[in-house]
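Subject: Structure handover

Hi,

Here is the structure for you to look at. My notes on it follow below.

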Amino acid sequence: MDMKAENITVRFGSDTIIHDVSMEAGHGQFVGIVGPNGSGKSTFLKTIYRTLQPEKGTIWLDNRPLDQISLRESARSLGVMTQINSLNFDFRVEEVVLMGRTPHKKLMEQDNDQDYRIAHQALEIMGMSEYLHRKFNTLSGGERQRVIMARVLTQQPRALILDEPTNHLDLQYQMQLLQTVRGLGIEVFAAVHDLNLALAFCDKIYVMSHGRVAASGIPEQVLTPELIRDVFHVEVLITDVPGLDRKNIVYLSA
């Protein structure tokens with residue numbers, strides 16, 4: 001399910017937040033969006049999952065303009081995991097995860113055995129099976145994040161939008177979540193805070209700065225010390241990882 005954004009501009013009042021931004025996630029690509037806080041990563045993603053309406057530009061899903069696709073149809077295909085700091089569901093974990101089946105159900109249709117099987121498998125993948133009957137609002141931030149990811153998996157999406165999905169997660173679960181997403185083999189747009197995670201998991205990245213795309217391409221080629229200095233205002237050393245065909249960023253100073 002190819003995803004493409006062409007010439008997206010977003011304004012809040014008289015302020016332009018996103019300036020003529022174009023991005024694309026082709027077949028099976030994990031595409032990272034990196035940049036400092038306030039660079040426009042989340043605002044751009046919100047135009048794709050329809051929380052914000054761009055002033056200009058077009059979002060395409062499978063070569064169809066997004067504004068010609070019903071909300072229900074796009075919800076069946078596009079899974080979304082946002083930053084969840086404000087969510088406070090008064091439901092059991094199992095009930096929260098089963099919400100992922102909603103786009104596939106008719107009005108008032110009850111969950112069936114297949115829905116429960118899919119939900120329980122997703123919880124197992126995220127290492128949260130033992131929390132099945134816990135109240136969601138009693139969980140830690142990291143535990144909530146893993147439950148929300150299980151809900152997204154339960155939706156069985158054809159493409160994913162992830163807005164800083166590793167927030168609140170311990171390193172073990174950051175790696176697990178991103179490995180799980182990579183293993184789905186579907187198109188992904190993900191705002192990624194950690195540049196080393198972008199190097200490890202992304203097929204392509206877009207670097208955003210002040211609401212514009214500053215650079216794009218293969219992470220190892222784009223994330224140079226010069227670009228990181230210009231965009232993130234830190235000095236780094238980029239080294240080879242012994243035994244692995246990738247780089248590692250070592251932060252030296254601000």
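I'll start with W60. Beyond its neighbours up to four places away in sequence, W60 touches D2, M3, K4, E6 and P65. One of these contacts has a polar side to it: the side chains of W60 and E6 make a polar contact at 3.0 Å. Please keep in mind that this is a predicted model.

W60 sits in strand β4, which covers residues 56–61. Is W60 buried, partly exposed or exposed? W60 counts as partly exposed, because its relative accessibility is 25% and that class lies between the 20% and 50% cut-offs. W60 and Y206 are 146 residues apart in sequence. In space, their C-alpha atoms are 18 Å apart.

Next, S74. This residue belongs to helix α2, residues 71–77. S74 has a relative accessible area of 8%, so it is buried; the cut-off for that is under 20%. What does its side chain meet? A polar atom of the S74 side chain lies 3.1 Å from the backbone oxygen of L71. Leaving aside residues within four places in sequence, S74 is in contact with R50, L66 and I69.

Now the nonpolar cores. In soluble globular proteins, nonpolar side chains tend to be buried together. Here, the largest nonpolar core has 51 residues. Which members touch the most others? They are M149, V207 and L223. Helix α5, residues 141–154, gives the most to this core, with six residues.

L223 is worth a separate entry. Not counting residues up to four places away in sequence, L223 touches L195, L199, I205, V207, I228, I238 and I249.

Last, the surface. L237, V250 and L252 form a nonpolar patch there. Together they have about 260 Å² of accessible area. V250 is placed in strand β12, residues 247–253.

Best wishes

How values were computed
Residues numbered from 1 in each chain as written. Predicted model: local features only at pLDDT ≥ 70, side-chain atom pairs only at ≥ 80, totals over all residues. Heavy atoms only, no water. Core = buried A, V, L, I, M, F, W, Y, C linked by side-chain atoms within 4.5 Å. Buried < 20%, exposed > 50% of the residue type's maximum accessible area, 1.4 Å probe, protein only. Helix = DSSP H or I, 4+ residues; strand = E, 2+ residues; numbered from the N terminus. Contact = heavy atoms within 4.5 Å. Patch = residues over 30% accessible without salt bridge, like charges linked within 9 Å, V, L, I, M, F, W, Y side chains within 5 Å. Areas by Shrake-Rupley, 256 points an atom, 1.4 Å probe, with all protein chains shown as cover. Salt bridge = Lys/Arg side-chain N within 4 Å of Asp/Glu carboxyl O. Polar contact = N/O pair within 3.5 Å; in protein donor to acceptor, adjacent residues only side chain to side chain.
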